[in-house]
Amino acid sequence: MFLFQETVGKLLSSFFKEDKTKLGGDAVLLMAEMLKVFVQEAAMRTLKQAESEDCDQVDIEHFEKILPQLLLDF
């Protein structure tokens, strides 16, 4: 999990315009948790979409169908 948090921290820091801007540890933990929940929710919704279409395999089209509502929910 630590490597994941480090990656999220580096990713967030890459968007800072000033070198003086710092990122707190709590912010990294929160963002990492939000990202984890987002991905888990996307996976579950995609699986449910595939099941509702009686498909044996999840495909990118299933993800594309759930993506608009997922983004609105987050």
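**Close-up 1. Packing of helix 2 against helix 3.** In this predicted model, the axes of helix 2 and helix 3 (residues 60–73) come within 9 Å and cross at roughly 135 degrees. That angle makes helix 2 oblique to helix 3, and the crossing of the two helices is right-handed. On the side of helix 2, the contact is made by Phe38, Glu41, Ala42, Arg45, Thr46, Gln49 and Ala50, while helix 3 contributes His62, Phe63, Lys65, Ile66, Gln69, Leu70, Leu71 and Asp73.

**Close-up 2. Surroundings of threonine 46.** Threonine 46, which lies in helix 2, has a relative accessibility of 7% and therefore counts as buried, the cut-off being under 20%. When its neighbours within four places in sequence are left aside, threonine 46 is in contact with Val58, Asp59, His62, Phe63 and Ile66.

**Close-up 3. Aspartate 54 in the loop.** Aspartate 54 is found in the loop that connects helix 2 and helix 3, and its phi is near 55 degrees, a positive value in a residue that is not glycine.

**Close-up 4. Packing of helix 1 against helix 2.** Helix 1 and helix 2 pack at an angle of about 105 degrees, with their axes 9 Å apart. This angle makes helix 1 roughly perpendicular to helix 2, since it falls in the range of 65 to 115 degrees. Where the two helices meet, Phe4, Gln5, Val8, Gly9 and Leu12 belong to helix 1, and Val28, Leu29, Met31, Ala32 and Leu35 belong to helix 2.

**Close-up 5. The two faces of helix 1.** Within helix 1, the residues Gln5, Val8 and Gly9 are buried. They cover an arc of only 100 degrees around the axis, so they sit on the same side of helix 1. The buried residues of helix 1 pack against helix 2 (25–52), whereas the face turned away from the buried side carries the exposed residues Leu3, Lys10 and Leu11.

**Close-up 6. Length of helix 1.** The 12 residues of helix 1 (residues 2–13) should span 16 Å at 1.5 Å a residue, where the expected span is 1.5 Å times one less than the number of residues. The end C-alpha atoms of helix 1 are 16 Å apart in the model, which agrees with that expectation.

Key
Residues are numbered from 1 along each chain as its sequence is written. This is a predicted model: local features need pLDDT of at least 70, side-chain atom pairs count only at pLDDT 80 or more; totals for chains, interfaces and linings use all residues. Side-chain values use heavy atoms; hydrogens and water are left out. Helices (H or I, at least four residues) and strands (E, at least two) are DSSP runs, numbered from the N terminus. Buried means under 20% relative accessible area, exposed over 50%, partly exposed in between (1.4 Å probe, protein chains only). The arc is that of the directions from the helix axis to the C-beta atoms. Contact means heavy atoms within 4.5 Å. Axes are lines fitted to C-alpha atoms, for helices over the stretch in contact, and angles run from 0 to 180 degrees between N-to-C directions. Angles under 35 degrees count as roughly parallel, over 145 as roughly antiparallel, 65 to 115 as roughly perpendicular and the rest as oblique. A crossing is left-handed if the near helix is turned anticlockwise from the far one by less than a right angle, and right-handed if clockwise.
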